[in-house]
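Hi,

Here is the structure I promised to hand over. Have a look at it first, and my notes on what turned up follow just below.

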Amino acid sequence: MNPVKHQYFGDVNDYRKYGLLRCIAEATGFGVGMLWLLTADDGRSDGEFRRYLCEPQRWRHHDPSLHDRLARLLEPEVMRHVEHAATWELIPGARYFNARVPDNSAARQRYFSAAVDALAPCPLLFLDPDNGVEVQSVRYGAKNSSKYVYWRELSALFARGHSLLVYQHYPRIARSVFEAKLVEQMRSNLGAPEVTVFSTAHVGFFLALQDRHVLALPAIIAAVEERWSGQLWGHR
C-alpha cells in the first residue's frame, strides 16, 4: 500500500508509480497534473520499503534517472516529502497540487475547485487517494472520506476534458472480479471510451482516456512493457 502521505514518499511503490507516469508523459507528450489528495502522516511504520534504493543492480535498470533521484533519500539530511517530486523533476513538465484534502464536504468542494484551476492546462490528471475510489461504507463528507476519491469528482474532472489515472488499493476479493467491476464503473460513470489497468503486486492504476487520447494508448503500453517488465502489467 502506498497512500499519499509524506512518510511514504520514495517507497518501492512510489518508484513504480513515478515510473508509470514518466512512461505516460514521455510516450505521449501529455502534461501531467498531480492531484495528490494528500492526507496527514499517521505515525505508522509501514512506509519503509526503500531497500530497492540499496539494490541498484536489481532495480535501477527500470528507470536509471528516476532511481538516482530517489536515491537522494538515502542521504541522512534529506527528509521524506512529496514536494521533492517537483523539485527533483521526477515527471517532466508536471504540475502539482499539494494541499491536504479535508473530510468536510464544503471544504472538500473548495479544495477541488482550487485543484481544477491549478491543473486546468494538463491533459492527464493523476489522482492518488489513500485507498482509491469511494466505498459504500464511507459517505462523502464523513470521517475518513479524505482517503477516497468520489465518483462525482472523477466525473466532473473527466467532463472537463481530462484523461484520468487513478490509484487503487486492491481489497481482499478476487482481483480480476474487482478490476472488471471498476473498469465497467469508470466506463459507465465517466463515459470513458477506453479504460486500461496497470497492476503491481498490491495496487492498480486505472487509466480512463478521453476519446481524443485513445490513440496514445499503444505507445504508453509499449513504454511500460519495455521498461517495467515484471513490475507493472498493463491490460484492458
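Cys54 is exposed, with a relative accessible area of 53%, whereas Cys23 is buried at 1%. Please keep in mind that this is a predicted model. A search of the whole structure finds 0 disulfides. For Cys23, the closest cysteine sulfur belongs to Cys122 and is 18 Å away, which is too far for a bond.

Now to the charged side chains. The count comes to 9 salt bridges, and three of them may interest you:

- Asp14 pairs with Lys17, with the closest N and O atoms 2.8 Å apart. Both residues belong to helix 1 (residues 12–28) and sit 3 residues apart, about one turn of the helix. Asp14 is buried, with a relative accessible area of 3%, and Lys17 is buried with a value of 3%.
- Asp63 pairs with Arg227, with 3.8 Å between the closest N and O atoms. This pair links distant parts of the chain, 164 residues apart: Asp63 is in the loop between helix 2 (56–59) and helix 3 (64–70), and Arg227 is in helix 8 (residues 217–227). Asp63 is buried at 4% relative accessibility, while Arg227 is partly exposed at 27%.
- Arg108 and Glu153 meet in a salt bridge at 2.5 Å, N to O. Arg108 lies in helix 5 (residues 105–119) and Glu153 in helix 6, so the pair ties together parts that are 45 residues apart in sequence. Both Arg108 and Glu153 are buried.

Through shared partners, salt bridges also join Arg22, Glu26, Asp63 and Arg227 into one network.

Glu153 brings us to helix 6 (residues 151–159), whose buried residues are Trp151, Glu153, Leu154, Leu157 and Phe158. These residues are on the same side of helix 6, because they cover an arc of only 160° around the axis. Arg152 and Ala159 are exposed on the other side of helix 6. After helix 6 comes Gly161, with a positive phi near 100°.

Last, the pocket. The largest pocket holds about 410 Å³ of space. Its lining has 17 residues, and those nearest the centre are Val133, Glu134, Val135, Gln168 and Phe178. Strand 4 (132–133), strand 6 (163–169) and helix 7 (175–190) each supply at least two lining residues, and helix 7 gives the largest share, with 4. By type, the lining of the largest pocket divides into 9 nonpolar, 6 polar and 2 charged residues.

Best wishes

Conventions
Residues numbered from 1 in each chain as written. Predicted model: local features only at pLDDT ≥ 70, side-chain atom pairs only at ≥ 80, totals over all residues. Heavy atoms only, no water. 1 Å grid on protein atoms, 1.4 Å probe; cavity = no way out; pocket = protein on both sides within 12 Å on 5 of 7 lines; lining within 4 Å. Points joined across faces, edges and corners; volume = space filled by probe spheres on them. Nonpolar A, V, L, I, M, F, W, Y, C, P; charged D, E, K, R; others polar. Disulfide = S-S within 2.5 Å. Buried < 20%, exposed > 50% of the residue type's maximum accessible area, 1.4 Å probe, protein only. Arc of directions from axis to C-beta. Salt bridge = Lys/Arg side-chain N within 4 Å of Asp/Glu carboxyl O.
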